[in-house]
Every structure is written in structure tokens, then in C-alpha cells.
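Student: Could we go through the packing of this chain step by step, with the coordinates open beside us?

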Amino acid sequence: MSDIDLRSVMGEFATGVTAVTLNSESPHGITVNAFTSVSLEPPLVLVCLDHDTEAHELLDSGDADGYCVNILSAGQQILGECFADMAEEEVHPFEDHLTTTATTGAPVFTESLGYIDCSIHDTVEAGDHTIYIGHVEAADLLEDDQDALTFFEGEWGTISNE
């Protein structure tokens, strides 16, 4: 099977969109749809990061030891595009969008549907990605009355909360 075949098939799986931000010295983020809960006790979630990304390098080197999963609303598509290097315009996400921090110090986008702030619990190497299992240090619903941002067949979309 070729990489293209797998990418095409995986594109048929509709996902939500997150902006994972890191608690590195300089703010950094990456768009991630490979995100899921792992356990409620203890509270664990995971994200998968490609080895060729700056986010992976920051976590792998120890320059960041925590991350925040910001669940993006439909109105935050520009953040998804920016952190996926798909934005057609210049975007300054940490200057143009309101942020705060939670326990780990990773940026929280205050207009997200919600966030999950994590310290690194464990890592698993898997092919060209690393699975970062995070221990949930803080989580909150923020703008959960907004529509969710989705990605399906290479296109941005939404799911209504009504």
C-alpha cells in the first residue's frame, strides 16, 4: 500500500481539529487531529506528532515538557490553517488571539470550545510519529456553545452544537 492510498482512506474519517500549544520558551503550536482520550483514571489523553515537526523537536529535546490541546471552534479555522502551514495570509496567532495559561504554562486560546492541559506522562515511538500521552493537569469548557471545527476529505467544515 502506498502513502497516498492510506492518506486517501484516512481522509474519509471526519475529525475534530485541535491546536496543540507547547509550554516552550517561545510560544509554539501545531494543528492536530490525531487526539483522543486514553484513560479517565488516571486522566490521560494522547496526541501524535510527526518526527519532522518543530513541535516534536521541542518535546523530544525537553525544551517543552507539557502541551495544551485547544479544541477549535468553527470561528478559529484561521488557527487550524496557521498551525498546519495552510494559511494564505500572514497570521500571528499568539498576538492576534486571546490566550491565557493553565497549569503547565502552555498557551490556552480563550475562544476555543475547551482545552486540556497536560504534562508528559509517557511517549511511544510509532513509525514516523511519536505518541505523546499526557497526564491531564487542567481542563475546562470555554465557548462550548459555538460550532466545532472539523476536517473531512481535505476540507474544513463544522458540526453544529444544536
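Student: Leaving out residues up to four places away in sequence, which residues does leucine 49 touch?

Tutor: In this predicted model, contact is counted for heavy atoms within 4.5 Å. On that basis, and with residues up to four places away in sequence not counted, leucine 49 touches Asp128, His129, Thr130 and Tyr132, together with Ile30, Val32, Ala55, His56 and Leu59.

Student: Which residues touch the most other members of the largest nonpolar core?

Tutor: This core has 17 residues, and the elements giving two or more residues to it are E2, E3, E5, H2, E6, E9 and E10. Another core, of ten residues, lies apart from it and includes Leu79 and Trp156. Within the largest core, the residues touching the most other members are Val20, Leu22, Val47, Leu49 and Tyr67.

Student: Why do the buried residues of H2 lie on the same side of the helix?

Tutor: The buried residues of H2, which spans residues 54–61, are Ala55, His56, Leu58 and Leu59. On the other side of H2, Glu54 and Asp60 are exposed.

Student: Is tyrosine 115 buried or exposed?

Tutor: Tyrosine 115 has its place in strand E9, and its contacts beyond neighbours within four places in sequence include Cys68, Val108 and Leu142. The cut-off for buried is under 20% relative accessible area. Because its relative accessibility is 13%, tyrosine 115 counts as buried.

Technical notes. Residues are numbered from 1 along each chain as its sequence is written. This is a predicted model: local features need pLDDT of at least 70, side-chain atom pairs count only at pLDDT 80 or more; totals for chains, interfaces and linings use all residues. Side-chain values use heavy atoms; hydrogens and water are left out. Buried means under 20% relative accessible area, exposed over 50%, partly exposed in between (1.4 Å probe, protein chains only). Helices (H or I, at least four residues) and strands (E, at least two) are DSSP runs, numbered from the N terminus. A nonpolar core is a set of buried Ala, Val, Leu, Ile, Met, Phe, Trp, Tyr and Cys residues joined through side-chain atoms within 4.5 Å.
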